[in-house]
Amino acid sequence: MVDDDRKGALSAAKAPRIAIESVEPSLDQGKYATKAIVGDPFSVTAVIFADGHDLLSAAVRWRKEGGDWQTQPMTRVTPPGNDLWEAEVRPEDLGAHHFMIEAWLDVFGTYCDELYKKHHAGVPVGLELEEGRLLIAEAHERARGQTRKALNALHTQFENTSTDSDKVALMLAPDTHWLMEQAAPHRHRVRSAVKYPFYVDRVKARFASWYELFPRSETDDPTRHGTFIDVQKRLPMIRDMGFDVLYFTPIHPIGRTHRKGKNNTLEAGPDDVGSPYAIGSEEGGHEAIHPELGTFEDFQELERAAAAHGLEIALDFAIQCSPDHPWLKEHPGWFSWRPDGSIRYAENPPKKYQDIVNVDFYADDAIPDLWLALRDVVQGWIDQGVRIFRVDNPHTKPFPFWEWLIDDIRSRDPGIIFLSEAFTRPAVMLHLGKLGFTQSYTYFTWRNTKAELTEYLTTLSRPPWCYGYRPNFFINTPDINPYFLQSSSRAGFLIRAALAALGAGSWGMYSGYELCESEPVPGKEEYLDSEKYEIRPRNYSAPGNIIYEIAQLNRIRRENPAFQTHLGISFHHINNDRLLYFCKRTPDNSNVIFVVISLDPFDAQEGSFELPLWEFGLPDDAALDAEDLMNGHCWTWHGKWQWTRLDPSGLPFGIWRVNLP
């Protein structure tokens, strides 16, 4: 019994005295990697405390997977008493990283704190100074190299100092504390129980402007199929609008069995081109190019031309097949078959997609061959130079598949970007981000009121969403013609463009948006004469277009770092529920911009709004110099209450950059 007691007491004495709690950023206690951007500050916080009154020191240790550990000291966050510590690191390499937190008793810091208090109170400190000398001597014994020499010199200087006051000053000097830290004993050091993963992406994962088009529609004749060579002619216009990602719907061969006709009719005519999402024909499957678009050489030439215009090409990765896809003959065991021997085509009741069949990821013959074949499709396009993929409906495919595929692909190129097109439940959307998707489509498309937009943008900027989910605010898609745009005319298109471009670091639009195309299938959020089923030439110089305004919005985004992320947003008071008023700013307040957007595409709206001067340490009567970023007009605001009026016949939004004194 006595031995057991001794063992228990010894075990307790070895237990940590320091607690490390509430570590952030973290997803599911470190199960999944949080998101970071190369070169951007990556902030780490934790609650750290111990028993007693000894001071603590703490540090973040972090590294790229397989690399050397780096150390960044943590500081206690003011005000004191909350035990919150923070540090900021700046990863310089792409790929998987980890961090952990260390904390220990700060022996010399505690000594200096007590020495200062006693000396300041007039208490004799002769004995305390001798304790300090011994601490220097002990540190000297532990140290090596230049630190050992410097500590020896410090010890000599201490002994040659004549007065207690001068000795106290020497002990409390910042240089002394720094030197003692180099040989600190790190007593009762403890490490966080988890090594927290984070993944470092390239900047385009945070900040990009996407333009979506059907390459086959880049023609002036609806009877002539567009080509990659035709797409090259559009590059200057897309560049001049300020876009830097050019996203193509699928460019693969299209099946003929059950091909859809115009407006999604079940019977296609001999000249109907079909849906590009019905992938696969005798010309090939996901690895092939539709022959009417051109050759692989044409595609590579297009990539080079796009890069010369500052554009990166993104491809659609849609895991679905037409009944004519070569895989059905070569690998029938990869698909689901009905009891009568017919294949099960895709459905989203009440919708039916007779021109599409889905693979069965867990069929006996599919594991692992189907998984590897799909991985090889992605890798094959990467080998062709593609580094961005928009993934169609990933929430309808197995989570383990995506986690494996994305990790496998990024193990060879950590700069690959995967955009999740998952309009599904919030928990599922966030989980896809945890599994590795770089960014995601969002509910933005259906957030229209002031309350909805405020709540949604605020939610996305807070944990856990800001750790695992990067939004891409696509305004419209070939599948989604939002009700708001169907009846709001030009002003409505400007409103939604401003909300998307200024609310998120990444935003996108489907071609035709700049022409304010909105004719719907009656009663549905679908386009009449949908481009999914026909070639649709456009006159991009048509009257009423908003090309200039889109170019201005993208210019403002490029010139102002505050708009290059969905973070750093705060909403403020304006006395009109039809006006949305917010501020975007960088963490150091070097770029501060106020935005007011009218949510009414029909009538002028006006209101008084409050400048949050107190947030910048300014009095209520302060003066702020401001600039309208759309027209260059400059003025000075006096005081915190201001007034604005926005008219849909002109510009239904205002973007005002301020210069803080």
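Modeller: Two strands pair if DSSP finds at least two bridges between them. Helices (H or I, at least four residues) and strands (E, at least two) are DSSP runs, numbered from the N terminus. The model is predicted: local features need pLDDT of at least 70, side-chain atom pairs count only at pLDDT 80 or more, and totals for chains, interfaces and linings use all residues. Residues are numbered from 1 along each chain as its sequence is written, and side-chain values use heavy atoms, without hydrogens and water.

Biologist: What percentage of the 661 residues in the protein chain is buried?

Modeller: The chain has 17 helices and 28 strands, and its C-alpha atoms fill a box of roughly 100 × 70 × 50 Å along the principal axes. A residue is buried under 20% relative accessible area, exposed over 50% and partly exposed in between (1.4 Å probe, protein chains only). For the 661 residues, the buried share is 55%.

Biologist: In the open sheet of eight strands, which strands stand at the edges?

Modeller: The order is β18-β17-β16-β13-β12-β11-β20-β19, with parallel pairing. An edge strand has a single partner, so one side of it is left without a neighbour in the sheet. The edge strands are β18 (439-440) and β19.

Biologist: Which residue of β16 stands opposite D316?

Modeller: Strand β13 is joined by four bridges to β16 (residues 388-392), and the two run parallel. Across from D316 stands R390.

Biologist: What is the handedness of the β-α-β crossover from β12 to β13?

Modeller: Strand β12 (residues 245-248) pairs with β13 in the parallel sense over four bridges, and V245 has E312 as its bridge partner. The chain passes from β12 through helix α8 (residues 296-308) to β13. With the strands pointing away from the viewer, a path from the first strand over the helix to the second that runs clockwise is right-handed. This crossover is right-handed.

Biologist: In the open sheet of four strands, what is the sense of the pairing?

Modeller: The order is β1-β3-β7-β6. Strands β1 (18-24) and β6 (75-76) are at the edges with a single partner each, so one side of each lacks a neighbour in the sheet. Two bridges join β6 to β7 (residues 84-89), and R76 has W85 as its bridge partner. The pairing is antiparallel.

Biologist: Is S530 buried or exposed?

Modeller: S530 lies in the loop between β20 (506-510) and α17 (547-559). Leaving out residues up to four places away in sequence, S530 touches (heavy atoms within 4.5 Å) N263 and P478. Its relative accessibility is 6%, so S530 counts as buried.

Biologist: What distance separates the C-alpha atoms of S530 and D51?

Modeller: Along the chain, S530 and D51 are 479 residues apart. Between their C-alpha atoms the separation is 68 Å.
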